[in-house]
Protein chains: 2
Amino acid sequence: MMKNLLEDINSTLLMGPGPSCVSLSTYHAMSLPTIGHLDPYFIEIMDGIKNGLRLLMGTKNDVTVPLSGTGSAGMEAAFVNLVEKNDKVLILINGVFGVRMAEVATRLGAQVDKLETEWGKVIDVKEVKAKLASAKYDIVAVVHAETSTGVCNPVEKIGKLVAEQGSLYIVDTVTSLGGIPVEVDKWGADVCYSGSQKCLSCPPGVSPITFSKKAMEKIIARKEKVPNWYLDMTLLTAYWGGSKRVYHHTAPINMMYGLYQAIYQILDEGIENVQKRHKEMHEYLVEQLDGIGIKFLVEKENRLPMLNAVIVPEGVDEAMVRSRLLNEYHIEIGAGLGALAGKIWRIGLMGHTARSYNIDKLVDALKCIMKE
Amino acid sequence: MMKNLLEDINSTLLMGPGPSCVSLSTYHAMSLPTIGHLDPYFIEIMDGIKNGLRLLMGTKNDVTVPLSGTGSAGMEAAFVNLVEKNDKVLILINGVFGVRMAEVATRLGAQVDKLETEWGKVIDVKEVKAKLASAKYDIVAVVHAETSTGVCNPVEKIGKLVAEQGSLYIVDTVTSLGGIPVEVDKWGADVCYSGSQKCLSCPPGVSPITFSKKAMEKIIARKEKVPNWYLDMTLLTAYWGGSKRVYHHTAPINMMYGLYQAIYQILDEGIENVQKRHKEMHEYLVEQLDGIGIKFLVEKENRLPMLNAVIVPEGVDEAMVRSRLLNEYHIEIGAGLGALAGKIWRIGLMGHTARSYNIDKLVDALKCIMKE
């Protein structure tokens, strides 16, 4: 027999790199009665999600849908639909998720070129300009909010350079969407994907994604079919769009309820107000951490408000602090990854987590643990 | 602004080809507090799910996990991990999901050979034997419970023939798992996948999958990496197994709660008791439908208990009946697909749906609608 582990789940204050805290109404939405994936009422919900995502993503793209997978499925979908064998792809890398993009594209048979920047530093637009002048790329890809370092990359400026070259432009907005402006059309992004469990404050499991007309034209003109039936956008759009909804796969109905409610709440509070709250809470966190001598990894002008990479103070056992925060205070924060492992903590202020009382709880707990 | 469509969702009696009805406790599980995907408590929950799935699937396979996608992601994962370019793959086809397997494998660069049987008929073991004698295949794949027709294929007998050839054997148990015996080890299946939303009675969104040692050996020995980072089993096993859990992607935490609870309930009722209930409810449905002159598509000995394909009586407007069932009685049943569109209804008795009072509701409603 199984233990009933679910009876003893602790409510945890999620202040790591995601998942973030979820509101009561979004939790409730997840538990509403499942209906059929072709039920006309579910199709209305699908349309509501599509319209809501267009507002959040700053796009008029017809093909704007949530994929039935997590943010990493969004990355996979972006590349597997666009990349054809031997396409030249440039990946701008300054953290884990840029590295992952290169891995995904390489596996799909692309000729991948990388422009690497030190982790924790922002991508230099001048270097991108020089790189683009040196070769012609079919696709250029970059992460907007690098979750592994807390750096915000200049995706709009890079987008202008990519547009001059006529390349397709993929932007990862997994951590940024909902917390800072995401302007797909203004940036000239051809594919942009996100995740449900960051600033949207829905549990993990679905990945919003949008494709420009130019991106869809490339997909439709492919010589070979997309080598991934599950994520093929030509099939997915037949289910998510058009007048006749053609069955593709069974959508994760209750996850979609969660996403619907999460978007509903952001629109209800106001997209700009939610972004303002993220900015203000970030500033409050900076001030509070400064009070206990904790400094930031990233220089001020390039910091993300929702993902705060802070330097572990000298002599502090960082893993012990995280472990005590989780076990004694039920607060989760994130560790550093790769070259930053052991050197930083990653404090998330994403979506519903970005409240002053959460920051107070964390800072109080850190004070107690570190003074011992 | 968005309408709050979630406030008006009707509780629907789900008697189609899936999703099926969900118990109150599983709905509640979906709404429990999200915790981190690397939280030690979540890792205990993951281990509970893996052990539960091994019991349900009749396997000792170490690599037995739920994928972060629906049943179709399970099919994709089975093929994308096993198929290498130019592998010879035989697909046994007698319905939509066999056709889909061929499409998935073809896109991955396999040389696909098909053995096709009329939809609604069972695959003939003698024909399989002759086919296997005619050529050597790297992989043979078949659907256990063909959801599009209601046919149960003889996967154990086919497995014996496949084993004689030394080919790898993929079995789709999306609709069968939980409702009829699934015996992965006894069948000699090397990969077997399912979906959460059929006889497990969890909302859609996760796909249990298991890989034999032989299957994992082929994956590890691949000349090229799996061309799908998201579903690469060598990466997924590093997160789901072993002593050190290596972050891969953020698991859909609340969907995993739902799956945990759904498995818990099946084990609590007893796997054999649940299967017995499916069988008895199927027999009760046959009897009740016989009373109103509705006949079955599939011959008795090859019928699935959980997916009942019945012939639409002469002169009845099948779409009108389905539409009235949904709109007036809040009961969903399924339409025919492909060659069977307009000719059959598909009545699901999956998991929590398989109760006599549900059958009574449906038959009463059908009587009312058809006598008008």
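In the predicted model, I91(A) has A141(A) as its bridge partner in strand 5 of chain A. This pair belongs to the contact between strand 3 (residues 88–93) and strand 5 of chain A, which run parallel and are joined by three bridges. On strand 8 (residues 168–172) of chain A, strand 5 of chain A has a further parallel neighbour, to which five bridges join it.

Strand 5 of chain A covers residues 139–143, and five of its five residues are buried. The side chains of a regular strand alternate between the two faces of the sheet. In strand 5 of chain A, I139(A), A141(A) and V143(A) point one way, whereas V140(A) and V142(A) point the other way, and all are buried.

In chain B, seven strands make up an open sheet of mixed pairing, in the order 2-10-9-8-5-3-4. Its edges are formed by strand 2 (63–67) and strand 4 (111–116) of chain B, each of which pairs on one side only. From one strand to the next, the twist averages 15 degrees. Strands of a sheet pair through backbone hydrogen bonds, in either a parallel or an antiparallel sense. The pairing of strand 3 (residues 88–93) with strand 4 of chain B is parallel and extends over six bridges. There, I93(B) has E116(B) of strand 4 of chain B as its bridge partner.

Two helices of chain B were examined against this sheet. Helix 5 of chain B lies across strand 3, strand 4 and strand 5 (139–143) of chain B, and runs at about 150 degrees to strand 4 of chain B. Helix 8 (residues 213–220) of chain B lies across strand 2, strand 5, strand 8 (168–172), strand 9 (191–193) and strand 10 (207–211) of chain B. The angle between helix 8 and strand 10 of chain B is about 85 degrees.

K131(B) is placed in helix 5 (residues 125–134) of chain B. K131(B) counts as partly exposed because its relative accessibility is 21%, while buried means under 20%. Not counting residues up to four places away in sequence, K131(B) touches L90(B), D113(B), K114(B), L115(B) and Y137(B). The C-alpha atoms of K131(B) and K114(B) are 9.5 Å apart, with a sequence separation of 17 residues.

A search of the whole structure gave five cavities of 30 Å³ or more. The largest cavity holds about 130 Å³ of space. It is lined by 16 residues, of which Y247(A), G71(B), S72(B), F97(B) and V174(B) are the closest to its centre. Helix 3 (71–82) and helix 4 (96–107) of chain B are the elements that give two or more residues to this lining. Helix 3 of chain B gives the most, with three residues. By residue class, the lining of the largest cavity comprises five nonpolar, eight polar and three charged residues.

The second largest cavity contains about 50 Å³ of space. From chain A, its lining includes S68(A), G69(A), G205(A), P252(A) and M255(A). From chain B, the lining residues are S68(B), G69(B), T70(B), G205(B), P252(B) and M255(B). The lining of the second largest cavity divides into four nonpolar and seven polar residues, with no charged residue.

Key. Residues are numbered from 1 along each chain as its sequence is written. Chains are lettered from A and ligands numbered from 1 in the order in which they are written. This is a predicted model: local features need pLDDT of at least 70, side-chain atom pairs count only at pLDDT 80 or more; totals for chains, interfaces and linings use all residues. Side-chain values use heavy atoms; hydrogens and water are left out. Helices (H or I, at least four residues) and strands (E, at least two) are DSSP runs, numbered from the N terminus. Buried means under 20% relative accessible area, exposed over 50%, partly exposed in between (1.4 Å probe, protein chains only). Contact means heavy atoms within 4.5 Å. On a 1 Å grid over the protein atoms alone, a cavity is a set of points where a 1.4 Å probe fits but cannot get out, and a pocket is an open set with protein on both sides within 12 Å along at least five of seven lines; lining residues have an atom within 4 Å of a point. Grid points are joined across faces, edges and corners, and a volume is the space filled by probe spheres set on the points. Ala, Val, Leu, Ile, Met, Phe, Trp, Tyr, Cys and Pro count as nonpolar, Asp, Glu, Lys and Arg as charged, and the others, Gly among them, as polar. Two strands pair if DSSP finds at least two bridges between them. Axes are lines fitted to C-alpha atoms, for helices over the stretch in contact, and angles run from 0 to 180 degrees between N-to-C directions.
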